[in-house]
Amino acid sequence: MSELDEIRVFVNLVEAQSSTKAADKMGLAISAISRRMKELETRLGVQLVQRTTRSMTVTEEGNRFYLSCKRILEDLQEAQNQVSDSAGELTGNIKIAAPLSFGVGHLSPAITEFMQLHPKVTIEIDMSDQRVDILAGGFDLAIRIGQLQDSTLMARKLADISSLVCCSERFLRQHGPFNEPKDLNAIPALVYANLKHAHKWECVDKNGKIERVKVSPKMRSNNGSIMRDSAIASLGMVCLPTFIIHDDIKNGRLTPVLRDYQWSNIGLYAVYPQTRFLSARVRSFIDFLAERFGGTPYWEIDS
């Protein structure tokens with residue numbers, strides 16, 4: 001059996017969590033699965049799985065090897081798809097990680113449209129405001145918002161993201177007016193918990209001068225949609241990206257204040273491993289998002 005065949009046996013064994021199931025899937029005898037795994041571990045000089053009569057556990061080394069082997073098999077399948085698909089029709093799966101609020105509000109309809117354009121593409125998406133490890137999770141790409149940290153990942157900027165400070169009309173009547181940033185000092189606020197200094201807001205005036213205010217957190221949350229809903233309920237002032245609040249501003253549920261100041265300078269990015277073979281479907285999906293969200297994003301027009 002070739003090294004590639006050994007890899008296939010190992011990947012199927014890990015995913016099936018059973019020699020019997022892996023053997024059935026591959027059309028091999030159970031003894032053949034066990035023999036190939038023993039040969040693979042002997043050749044590598046490490047134990048990949050721990051076996052008992054009732055269970056099987058993947059070792060730490062085995063898990064790392066599995067993730068690498070999985071990518072090798074996916075790249076091989078993608079290469080075969082590109083060669084055999086003379087019509088150029090996109091096929092295969094795209095595994096995506098995305099922040100929750102943006103994912104539900106804006107990425108979801110974009111994915112729907114992309115899948116309608118390319119019916120042979122399947123999507124697997126994980127929406128969470130916790131930053132995932134793209135490589136460890138086997139993701140093809142992640143959608144990220146903010147300032148990118150230095151890493152070995154590749155990134156393509158899809159759009160600029162701006163934020164506004166806003167509140168309900170009732171909150172404005174109770175605590176306003178707000179004519180300059182210092183008026184926000186000690187104001188009850190709804191803050192983003194994932195930021196190191198969530199209670200300290202920074203802005204830039206028209207002359208480029210940086211100003212900082214220290215609000216009084218009424219709520220800390222790692223999700224912008226919850227903060228928006230609480231602001232609509234007059235529980236506090238909020239500083240949120242316009243892609244979350246543009247409809248609420250348009251419909252009068254929230255009122256922006258201090259609009260002469262810039263409250264953020266972040267971007268929307270598609271991030272992917274530089275060592276990963278960028279398949280035609282992933283590249284096309286990133287191009288699709290860049291066209292959909294590029295220039296002045298639709299959520300900025302009426303904000």
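**Close-up views of a predicted model**

View 1. Leaving aside residues up to four places away in sequence, P256 touches L164, V165, C166 and I249. One of these residues, C166, also stands opposite P256 across the strand pairing. For another, L164, the C-alpha atom is separated from that of P256 by 6.4 Å, although the two residues are 92 apart along the chain.

View 2. Five strands make up an open sheet in the order 11-8-12-7-13, and their pairing is mixed. Strand 11 (216–221) and strand 13 (255–257) stand at the edges with a single partner strand each, so one side of each has no neighbour in the sheet. On average, neighbouring strands of this sheet are turned by 40 degrees against each other, direction ignored. Strand 7, residues 163–167, pairs with strand 13 in the antiparallel sense over three bridges. Helix 9, which comprises residues 242–250, lies across strand 7, strand 12 (237–241) and strand 13, and runs at about 115 degrees to strand 12.

**View 3. The bend in helix 5.** Helix 5 spans residues 100–117, and its 18 residues reach 24 Å from the first C-alpha to the last, close to the 26 Å expected at 1.5 Å a residue. At L107 the helix bends by about 50 degrees, and a proline, P109, follows within four residues. The buried residues of helix 5 are S101, F102, G103, H106, L107, A110, I111 and F114, so the residue at the bend, L107, is itself under the 20% cut-off for relative accessible area.

View 4. One aromatic cluster is formed by F102, F243, F293, Y298 and W299. A pair of aromatic rings is described by the distance of the centres and the angle of the planes. With ring centres within 6.5 Å taken as the limit for a pair, the count comes to ten aromatic pairs. In the pair of F293 and Y298, the ring centres are 6.4 Å apart and the planes stand at 45 degrees, so this pair is tilted. Y298 also forms an aromatic pair with W299, which is edge-to-face, at 5.1 Å centre to centre and with 75 degrees between the planes. F293 counts as buried, because its relative accessibility is 0%, and W299 counts as buried at 0% relative accessibility. Y298, by contrast, has a relative accessible area of 34% and is therefore partly exposed.

How values were computed:
Residues are numbered from 1 along each chain as its sequence is written. This is a predicted model: local features need pLDDT of at least 70, side-chain atom pairs count only at pLDDT 80 or more; totals for chains, interfaces and linings use all residues. Side-chain values use heavy atoms; hydrogens and water are left out. Two strands pair if DSSP finds at least two bridges between them. Helices (H or I, at least four residues) and strands (E, at least two) are DSSP runs, numbered from the N terminus. Axes are lines fitted to C-alpha atoms, for helices over the stretch in contact, and angles run from 0 to 180 degrees between N-to-C directions. Contact means heavy atoms within 4.5 Å. The expected span of a helix is 1.5 Å times one less than its number of residues. The bend at a residue is the angle between axes fitted to the seven residues ending there and the seven starting there. Buried means under 20% relative accessible area, exposed over 50%, partly exposed in between (1.4 Å probe, protein chains only). Rings of Phe, Tyr and Trp (its six-membered ring) pair if their centres lie within 6.5 Å; planes under 30 degrees apart count as stacked, over 60 as edge-to-face and the rest as tilted.
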